[in-house]
Amino acid sequence: MNGSAWGTGGGLSRRLLFTGTFAVATGALTGAATADRRRPVRGTVLRARPATVSLGGRKVATWTYGGTVPGPIIRATAGGMVRARLVNDLPAETTVHWHGIRIEPRMDGAPGYTQAPTKPGRTFDYVFRVPDPGTYFYHSHVGMQNDRGLYGPLVVADPREPLGYDEEFVVLLDDWLDGIDGTPDDALRRLNASTEHDDTLRSDLLGGVTGEVRHPYHLVNGRMAEAPEVFTSRPGRTVRFRVINAAADTAYRVALGGHRMTITHTDGFPCAPATVDTFLIGMGERYDFVTRLGAGAFPLVALAEGKQARAFAIVRTTPGARRPPRDVKVPELERRLLAYADLRPRRADALPRPGRTVTVTLGMRPSGNEWTLNDRLAADPLRVRVEKGETIRIVMDNQSPMWHPMHLHGHTFQLRVGERRGVRKDTVNIKPRERLSVDVECDNPGEWMFHCHNLYHQEQGMMGVLGYGQAPPRHRHMSH
């Protein structure tokens, strides 16, 4: 995927792109029903199928949406509708989860909780309203499929966009092993067969061991560092970068060589501008930043934290400028790092004060490959019961030896920074021996996944439920 396909121009050209090729069309599909694949579709078609794709310097066999990695960019406008038909041409059942969207339950794509997975040869129509502008993404939520190529960006425009910028680029980060070192399912089987962790994958920034797997490649928009994505602009233009971490097991430290960056959004929600040199982005998180580009060709680097590897792209503003090598030193990576405490929310984003507090302990069983919430695994999950209209405080107490990016479906939460309100998010990183609090306004009834977005930890048990009222029959064995 080249840079021009993922960027948008400023002014009129930016507004026109929101009704262009990948925009969400008007018209109706059939809601949550299985649809006739012969009937014309108005909207986006996500055809999940095996394909051989090029990562730039290497061809691999994987599973894709429409034969590309990432899948097509989907654009919508806040308050409008997304219409996307999943066509399952895989040899396994699948779903699509719309990560970060405050969505109605039957459209969430969470198998066993909000939707039965779509079987091979069948289709499913996702039709839902997007309430909030921002940077989001979509991905399969079945097994290890998200560690293949089944993901893509979802960008929701603000019809009253307050930011001033000339163009924007979407930067989608991923760690990759499929088709190179077996499959993600093979990697999970190896982890389940061992009680050991690779202690060489370490970072003080994340409090110790950073991941479970040393992925062979790290990608920007589906491309390896050997044949990098190139974002093309002009000197002096103010550019908005929308950065998404779609990786399974890797946090990235992101910097743009020769530039500082002003963080404007996290997980879709705006914050008071915070100017830094670099930021850490966990799996499932998104950050938007703006910067005024200089003249030349600059490295956009995502350091795979603790893994002695990096994803790499180029931002070019001068046609004849010398291309930076993929191992170029980027001093910004060691300079001013964004902290959650730097992110100040808008007053309008403040949630009501919580009426009660629930503690969720993140743990690891002695086996070393079972990750728990309040000592429960996903097969018999923790259920945090809530009632519609209340606001609760969840205190996440990480007593495990690794960090976890915790994600809540169907809601955003307000991060607590000491005694003050922090930003609104849906995914947050918690280091070992750290306690972190979030406030959740319970305004979207359903049974909602609450889990670690390290895909390996999720599949090894770190999955619970935020559920409204009495548990439905299939969840009656769960309790808090």
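1. Grid points are joined across faces, edges and corners, and a volume is the space filled by probe spheres set on the points. The largest pocket has a volume of about 370 Å³.

2. The model is predicted, with local features requiring pLDDT of at least 70 and side-chain atom pairs counted only at pLDDT 80 or more, while totals for chains, interfaces and linings use all residues. Residues are numbered from 1 along each chain as its sequence is written, and side-chain values use heavy atoms, leaving out hydrogens and water.

3. The lining of the largest pocket consists of 15 residues, with A339, Y340, N429, K431 and E434 nearest its centre. Strand β31 (residues 435-441) gives the largest share of this lining, three residues; helices (H or I, at least four residues) and strands (E, at least two) are DSSP runs, numbered from the N terminus. By class, the lining of the largest pocket has nine nonpolar, two polar and four charged residues. Here Ala, Val, Leu, Ile, Met, Phe, Trp, Tyr, Cys and Pro count as nonpolar, Asp, Glu, Lys and Arg as charged, and the others, Gly among them, as polar.

4. The second largest pocket has a volume of about 300 Å³ and is lined by 19 residues, of which P133, D158, H265, P270 and R346 lie nearest its centre. At least two lining residues come from each of β15 (238-245), β17 and β18 (269-276), and β18 provides the largest share, four residues. The lining of the second largest pocket divides into eight nonpolar, four polar and seven charged residues.

5. T262 is in strand β17 (residues 261-266). With a relative accessible area of 18%, T262 is buried (buried is under 20%, exposed over 50%, partly exposed in between; 1.4 Å probe, protein chains only). Its side chain makes a polar contact with the side chain of T275 at 2.9 Å; such a contact is a pair of N or O atoms within 3.5 Å, where within protein one must be able to donate a hydrogen and the other to accept it, and residues adjacent in sequence count only if both atoms are side-chain atoms. Not counting residues up to four places away in sequence, T262 touches P273, A274, T275, D288, F289 and V290 (heavy atoms within 4.5 Å).

6. There are 36 salt bridges in the structure, each a side-chain nitrogen of Lys or Arg within 4 Å of a carboxyl oxygen of Asp or Glu. One of them joins the side chains of E168 and R75 (3.0 Å, N to O). E168 lies in strand β10 (residues 167-176) and R75 in strand β4 (residues 74-77), so this pair ties together parts 93 residues apart in sequence. Both E168 and R75 are buried.

7. D186 and R189 form a salt bridge, with the closest N and O atoms 2.4 Å apart. The two are separated by about one helical turn because they are three residues apart in helix α3 (residues 184-192). D186 is partly exposed at 24% relative accessibility, and R189 is exposed at 53%.

Conventions:
1 Å grid on protein atoms, 1.4 Å probe; cavity = no way out; pocket = protein on both sides within 12 Å on 5 of 7 lines; lining within 4 Å.
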